[in-house]
Amino acid sequence: MTSMAALEPLLAGLADLLRSLLELLSVLCVAAGLGAVLRQALPWFVRPRVRRRPSPMALRLRFGGWLSMALEFQLGADIVATTTAPSGANLIQLAAIAVIRTFLNVFLAREIEAEQRLSGAEAAEAAEADR
């Protein structure tokens, strides 16, 4: 019993470290998503005639994918926090993030599928016009 009590502060410290790491990864995902979108969009603004303009939907879907990953890390951080200190506020936050992430992933998957169908139809029309 005393050895288990001695491990509790160690486990709490490890859980705090893991939670902080997961939250950092979440922030880095948002930053990486912003960087990816800017890298894709900025060249067109600098030289609009040289590069094909990226569609706003493509930019949105790219950023949405990064946001979805960030929410996954945030959900992991909240699971760790809830495991070590299961308060009502932690449980509500965990449930809210899980719901948001689920809806974001569902709608993002639908939009990606629609964008792929649209791109496929445009490519088929372009190939037909070349004949």
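**Figure 1. Leucine 17 in helix α1 of the predicted model.** L17 belongs to helix α1, which covers residues 2–46; the structure shown is a predicted model. Is L17 buried or exposed? The residue is exposed, because its relative accessible area is 56% and the cut-off for this class is over 50%. The view also includes A77, which stands 60 residues from L17 in sequence. In space, the C-alpha atoms of L17 and A77 are 9.9 Å apart.

**Figure 2. A nonpolar patch on the surface.** Which residues form the nonpolar patch? The patch consists of M4, L7, L10, L11, L14 and L17. Together, these residues have about 590 Å² of accessible area. One of them, M4, is placed in helix α1, the helix in which L17 is also found. M4 has a relative accessible area of 49% and is therefore classed as partly exposed, whereas L17, at 56%, is exposed.

**Figure 3. The salt bridge between R60 and E111.** Side chains of opposite charge can pair when their charged atoms come close. Four salt bridges are found in a search of the whole structure. In the pair shown here, the side chains of R60 and E111 meet, with a distance of 2.4 Å from N to O. R60 is partly exposed, with 48% relative accessibility. E111 is likewise counted as partly exposed, at 23%.

**Figure 4. The salt bridge between E72 and R101.** The side chains of E72 and R101 form a salt bridge with an N to O distance of 3.0 Å. E72 lies in helix α2 and R101 in helix α3, so this pair ties together parts that are 29 residues apart in sequence. R101 is buried, because its relative accessible area is 17% and buried means under 20%.

**Figure 5. The salt bridge between E113 and R117.** Here the side chains of E113 and R117 meet in a salt bridge of 2.8 Å, from N to O. How many residues apart are E113 and R117 in helix α3? They are four residues apart, which means that about one helical turn separates them. E113 counts as partly exposed at 46% relative accessibility, while R117 is exposed at 53%.

**Figure 6. Asparagine 105 and glycine 65.** N105 is located in helix α3. With a relative accessibility of 23%, N105 is counted as partly exposed. What distance separates the C-alpha atoms of N105 and G65? These atoms are separated by 8.3 Å, and the two residues are 40 residues apart along the chain.

**Figure 7. The largest pocket and its lining.** Rolling a probe the size of a water molecule over the atoms shows where empty space is left. The largest pocket holds about 160 Å³ of space. Its lining is made up of Q40, R52, R53, P54, S55, A58, E115, L118, S119 and E122. Which helix gives the largest share of this lining? Helix α3 (residues 88–130) does so, contributing four residues. Sorted by class, the lining of the largest pocket contains four charged residues, three polar residues and three nonpolar residues.

Technical notes:
Residues numbered from 1 in each chain as written. Predicted model: local features only at pLDDT ≥ 70, side-chain atom pairs only at ≥ 80, totals over all residues. Heavy atoms only, no water. 1 Å grid on protein atoms, 1.4 Å probe; cavity = no way out; pocket = protein on both sides within 12 Å on 5 of 7 lines; lining within 4 Å. Points joined across faces, edges and corners; volume = space filled by probe spheres on them. Helix = DSSP H or I, 4+ residues; strand = E, 2+ residues; numbered from the N terminus. Nonpolar A, V, L, I, M, F, W, Y, C, P; charged D, E, K, R; others polar. Buried < 20%, exposed > 50% of the residue type's maximum accessible area, 1.4 Å probe, protein only. Patch = residues over 30% accessible without salt bridge, like charges linked within 9 Å, V, L, I, M, F, W, Y side chains within 5 Å. Areas by Shrake-Rupley, 256 points an atom, 1.4 Å probe, with all protein chains shown as cover.
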